[in-house]
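Here is a short note to read beside the model. Keep the sequence and the 3D view open as you go.

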Amino acid sequence: MSGVELLLVGTAVAGTLMETAGAVTKAETESKIARENAKLVQNQTSEEARLASAEGRRLVSKARVRAGASGLSVDGSALDVIGELQAEGELKARQAVHAGRIEYDNFRAEQKAAKKAKTLAVVSGAAKIGSTVLTAGMSGAFSGAKSTYAASEVGKLRDVGKFEQMRRGL
C-alpha cells in the first residue's frame with residue numbers, strides 16, 4: 001500500500017472517529033438534559049400537588065367559616081359542599097401528580113433513547129472504521145499482488161503474443 005493510500009485510509013478513519021465522538025457527545029448531552037428535566041418535573045409535580053392540596057384545604061376552611069358565620073349548622077347541604085370541595089382539592093392534587101408522572105416518564109424515555117443512540121454511535125463508528133481498514137487492506141493486497149505479478153512479467157511480455165497474454169491474465 002502506497003503512502004497516499006495510507007494517508008487516505010488514515011484520513012477516513014480520523015473522520016469516522018471525529019463523527020463518532022460527535023455523536024457520542026451529542027447523545028451524552030441529550031441524556032443529561034433529559035435526566036435533569038425529569039428531576040425538575042418530579043420536583044415541580046410534588047410542589048404542584050402540595051399547592052393543590054393546600055388550596056383544597058383552604059377552600060374547605062373558608063366554606064366552614066362562612067357556614068358557621070351565617071349560623072348554619074354544618075350538616076346537610078353545607079356538609080355536602082364541604083365534602084365536594086375536599087374531593088375537588090384532592091382531585092386537583094392527583095391530577096397534578098398524574099400529569100407530572102407522564103412528563104417525567106417522557107423525559108426518562110428520552111434519556112434511555114439518548115443512551116441507546118450513544119451505544120449505536122460507538123458500534124456504528126467501530127464498524128465503519130473496520131470496514132474502511134478492511135476495504136483498504138483488501139484493495140492494497142489485490143493491487144500489490146497484481147503489480148508484483150505484472151512487474152515480474154514485464155520482460156516476458158515482449159516475447160508472447162496477445163493470446164498468451166490473455167491466457168496468463170495480463
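Which residues does Ser-31 touch, not counting residues up to four places away in sequence? The first point answers this.

1. Ser-31 touches Gln-111, Ala-114 and Lys-115 once residues up to four places away in sequence are set aside. Contact here means heavy atoms within 4.5 Å. Ser-31 itself sits in helix 1, which covers residues 3-69. Helices are DSSP runs of H or I, at least four residues long, numbered from the N terminus.

2. Is Ser-31 buried or exposed? Ser-31 is buried, because its relative accessible area is 5%. Buried means under 20% relative accessible area, exposed means over 50%, and partly exposed lies in between (1.4 Å probe, protein chains only).

3. This is a predicted model: local features need pLDDT of at least 70, side-chain atom pairs count only at pLDDT 80 or more, and totals for chains, interfaces and linings use all residues. Residues are numbered from 1 along each chain as its sequence is written, and side-chain values use heavy atoms, with hydrogens and water left out.

4. Now look at Thr-132. Thr-132 lies in helix 2, residues 77-157. Its relative accessible area is 21%, so Thr-132 is partly exposed. Beyond its neighbours within four places in sequence, Thr-132 contacts Val-9, Ala-12 and Val-13. Thr-16 is 116 residues from Thr-132 in sequence, yet their C-alpha atoms are 9.3 Å apart.

5. Leu-85 is also in helix 2. Leu-85 touches Leu-59, Val-60 and Ala-63, leaving out residues up to four places away in sequence. Take Val-60: Leu-85 and Val-60 are 25 residues apart in sequence and 5.9 Å apart in space, C-alpha to C-alpha.

Terms used
Helices (H or I, at least four residues) and strands (E, at least two) are DSSP runs, numbered from the N terminus.
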